[in-house]
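This report describes the fold of one protein chain, from its overall make-up down to single residues.

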Amino acid sequence: MSKRRGWFGNFNRRGGLTFLKLATLGALVAILAQLGGADALAATRLVVSPQGPYTAIQDALRDARDGDTIEVRGGAYRGNLVIEKSVTLEGVDQPILDGENHGTVVTINAPDTTLRGFLIQNSGVEPDQNHAGVTANAPRARVEKNIFRQVLFGIFFAQAPESIARENDITSRVEYDSGRKGDGIRLWASPRAQVENNHVHNARDMVIWYSEGVRIVNNFIETGRYGVHLMYCDGATIENNRLLNNSVGIYTMYSKNVDIQNNDVRGQRGPSGYALGFKDADNVAVQRNLLVDNRGGIFLDGTPFTPQGYARFTENVLAFNDIAVTVMPAVKGVEFSDNVFWENTEQMAVHGGGGKFDANLWQNNFWSDYAGLDANADGIGDTPYRAEKFFENMTDREPLLRALLYSPAAQALEFAATSFPLVKPLPKFQDAAPRLAPPPLPANVELARGKPGEMFLVAAFLLGAAIAIGALTLQRGGTRMTKSTDSKLANEIAPTVVVSARAVGKAYGKTRVLEQVNFELGAGQALALWGPNGAGKTTLVKALLGLIPFEGELVIANLPVKRDAKHARGRVGYVPQEVMFYDWTVRATMEFYARLKRVESQRIDALLEQLGLQTHARKNVSALSGGLKQRLALALALLADPPILLLDEPTANLDTQARAEYLKLIAAQKRAGKTILFASHRLEEVEALADRVLWLDSEKAARLLTLHEWRAENAPVVELTLWLGEGQRERANEFLNANGWNAHLNGRSAVILRAPAREKLRALQTLQAHGFQVDDFEIERAL
């Protein structure tokens with residue numbers, strides 16, 4: 001056997017020791033550790049590529065030693081991979097690890113293993129077996145700069161302390177709804193792990209359980225269920241993350257010494273919709289977070305958990321939330337100081353009512369609805385800020401009353417409570433030293449303020465406003481509207497133009513949200529509100545309902561919204577993205593709103609039949625699917641037979657089948673002559689319903705487009721990934737380029753073709769006509 005002589009003896013080619021002059025092996029190890037010689041002797045780079053020297057990753061792993069690097073070059077590598085050695089697998093040109101829809105794609109069982117630079121796809125789909133893109137079962141795993149597609153779970157650290165998930169792009173199986181998807185990142189019993197700079201989207205949760213000392217930093221988490229769910233994670237740090245449009249933002253349970261700071265959390269609008277939630281947590285420090293446009297800003301239950309524990313909220317901005325802070329009645333000892341409470345529909349609620357107004361400490365906060373003075377100009381109000389609205393106290397006890405939030409009935413109760421001490425409510429809390437000006441805003445506000453259009457009132461409140469405000473008080477010339485007067489009115493107000501906007505604009509402070517919105521819409525026509533998050537779609541919806549001030553002119557059925565918002569709302573049936581109901585039966589819910597709207601009972605039966613709810617009439621609302629709940633919301637909106645339907649992304653949380661069925665119902669309303677305005681992010685919805693598209697951009701004037709113009713601008717170029725028959729890839733690429741197409745090869749054994757959207761079919765037909773076999777293809781919008 002070939003040997004080579006080292007400094008300390010003879011080594012064979014595999015590094016085995018055959019002769020040693022030193023007295024003990026321990027002495028050699030100690031000297032090598034000081035000199036770094038052990039790594040020098042062990043580290044080797046092995047190369048895997050379709051051309052060799054290794055063509056299978058498993059073969060390279062078989063020959064590798066601890067400390068080696070396996071460089072995997074572009075190509076597709078199929079099957080499940082199990083790593084039993086402490087190696088680095090480094091992808092070059094984004095090679096694909098494809099699990100072929102079976103099991104976990106990569107399992108790491110050795111400590112100090114790194115997996116970097118791969119596209120990891122097609123795991124199995126069994127949640128009870130935790131099928132994932134990557135599962136690490138050993139300490140100090142590093143999973144970095146990978147892309148995860150069509151995996152159930154993304155990254156799963158199971159008893160993998162000090163492991164790192166960094167700069168990964170993770171999404172779950174696209175065919176499943178949020179409850180059936182897997183978690184984007186899951187940590188189980190993995191103390192001191194780090195989750196940094198990842199983009200997790202369209203997955204279920206990011207779950208961190210039984211893992212003390214974890215750090216969740218600089219991640220972007222969107223369109224999931226729980227953004228971050230902590231349980232039994234003492235000493236956790238959650239910092240500088242952005243959470244957008246999840247059901248819940250960050251929820252902390254049974255944990256202590258938790259630090260949450262500098263996070264941007266907005267658009268959490270699930271059934272609870274809390275930006276930050278705390279259950280039986282202790283020693284919680286929450287600082288400089290931006291909590292905007294959520295159903296609830298902060299929720300507290302059993303926090304702080306012990307008498308000596310603390311929960312401190314300082315320098316946070318809570319703006320445009322439905323309820324800024326919700327506490328359970330027994331919560332006490334929480335400190336709120338130097339926070340900004342800006343234009344929240346309700347600043348604070350005690351869930352179920354009760355509680356002591358001085359149970360928690362509120363001091364030096366800024367309140368946008370504070371009406372006190374500052375006679376000595378010290379920046380502190382002369383009188384305390386108190387939350388003591390009578391109607392709010394009622395809604396804390398009976399949430400269904402929120403349907404009447406903006407109604408004359410609510411205003412009358414507030415007037416009575418103000419005028420007559422007999423009914424004056426007890427305050428829920430008081431801030432003895434409220435600020436007259438907000439404190440300096442946290443640095444991350446500048447990053448968030450570009451999306452002010454996302455700041456809107458709760459969809460449930462708007463449903464109540466649209467249904468109850470106008471419906472309770474629909475009058476014309478002092479006469480209560482009946483079915484006959486409503487029909488007469490419908491004939492009177494059926495002009496060619498049903499809804500119009502002229503030079504409509506809106507600003508939040510110095511930031512413009514809507515600019516030069518102009519359109520006219522007639523009976524039986526549909527207008528799609530299109531644009532990215534923050535473009536102002538929901539702001540325009542609120543303006544149409546008369547719930548916010550705006551520039552310009554909006555007219556609904558000949559009624560100027562600015563001057564007669566109440567009656568204008570009565571002509572609108574509003575359906576929000578998410579709705580909340582009491583757990584009554586479907587029929588009981590319909591009957592309740594019918595009484596509010598003075599609608600005869602025959603209308604209920606007609607709508608139940610029309611919308612396919614007749615067989616569900618005796619079911620409780622909680623037993624309905626998401627699609628049936630949205631049908632119920634549509635039925636409530638149609639109770640008074642309004643000429644206009646206003647829909648704010650009503651299919652956003654529906655599966656494919658429920659969405660298609662719902663669109664058929666809306667299309668039927670359009671054919672019946674309803675005027676429809678709807679906000680949407682979905683191309684197929686716009687194609688199915690819209691006659692024209694209002695393209696909104698918070699930085700530019702709104703543009704009114706025909707469907708043809710919208711199609712051309714929305715997706716002008718597509719990118720086709722073509723997989724061809726054996727040996728045809730290079731010839732097909734040459735053929736396409738020779739005939740004027742823009743094509744190139746990639747590392748996925750495919751040809752990439754860029755073409756105008758209208759030309760994609762012709763490209764496929766041309767290849768087929770010239771003898772090329774296209775086995776499979778994908779179409780994506782080109783960047």
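## Terms and basis

Two strands are said to pair if DSSP finds at least two bridges between them. Helices (H or I, at least four residues) and strands (E, at least two) are DSSP runs, numbered from the N terminus.

This is a predicted model, in which local features need pLDDT of at least 70 and side-chain atom pairs count only at pLDDT 80 or more, while totals for chains, interfaces and linings use all residues. Residues are numbered from 1 along each chain as its sequence is written, and side-chain values use heavy atoms, with hydrogens and water left out.

## Overall make-up

The protein chain contains 18 helices and 60 strands. Of its 783 residues, 54% count as buried, where buried means under 20% relative accessible area, exposed over 50% and partly exposed in between (1.4 Å probe, protein chains only). A contact is defined as heavy atoms within 4.5 Å. Among contacts in the protein chain with a separation of 6 or more, 59% are between residues 24 or more positions apart.

## A six-stranded sheet

An open sheet is formed by 6 strands in the order E52-E53-E54-E49-E55-E56, with mixed pairing. E52 and strand E56 (700–706) are at the edges; each has a single partner strand, so one side of each is left without a neighbour in the sheet. On average, neighbouring strands of this sheet are turned by 15° against each other, direction ignored. For such angles, axes are lines fitted to C-alpha atoms, for helices over the stretch in contact, and angles run from 0 to 180 degrees between N-to-C directions.

Strand E55 (residues 692–697) pairs with E56 in the antiparallel sense over 5 bridges, and valine 693 has leucine 705 as its bridge partner in E56. Helix H9 (residues 537–544) packs on the sheet, where H9 touches strand E49 (526–530), E52, E53, E54 and E55. The direction of H9 makes about 135° with that of E49. H13 also packs on the sheet, touching E52 and E53, and its direction makes about 165° with that of E52.

Strand E53 (residues 644–648) is mostly covered, with 5 of its 5 residues buried. Ile644, Leu646 and Asp648 point one way from E53, while Leu645 and Leu647 point the other way. In a regular strand the side chains alternate between the two faces of the sheet.

On one side, E53 pairs with strand E52 (residues 572–575) in the parallel sense over 4 bridges; here the bridge partner of glycine 573 is leucine 645. E53 is also joined by 5 bridges to strand E54 (residues 675–679), and these two run parallel. Leucine 645 has isoleucine 676 as its bridge partner in E54.

## Helices H13 and H14

The axes of helix H13 (residues 626–638) and helix H14 (residues 656–671) come within 10 Å and cross at roughly 15°. That angle makes H13 roughly parallel to H14; angles under 35 degrees count as roughly parallel, over 145 as roughly antiparallel, 65 to 115 as roughly perpendicular and the rest as oblique. Residues making the contact include Leu634 and Leu638 of H13 and Tyr662, Leu665 and Ile666 of H14.

## Nonpolar cores

A nonpolar core is a set of buried Ala, Val, Leu, Ile, Met, Phe, Trp, Tyr and Cys residues joined through side-chain atoms within 4.5 Å. The largest has 80 residues, and those with the most contacts inside it are Leu89, Val228, Phe278, Ile298 and Val325. Apart from it lies another core, of 46 residues, including Ala617, Val621, Leu647 and Ala690.

Isoleucine 70 has leucine 89 as its bridge partner in E8. E8 is joined to strand E11 (residues 114–116) by 3 bridges, again running parallel, and the bridge partner of leucine 89 in E11 is leucine 115.

## Two buried loop residues

Lysine 597 is in the loop between helix H11 (586–596) and helix H12 (601–610), and counts as buried at 9% relative accessibility.

Histidine 616 is in the loop between H12 and H13 and is buried, with a relative accessible area of 15%. Leaving aside neighbours within four places in sequence, histidine 616 is in contact with Val586, Leu624 and Leu628.
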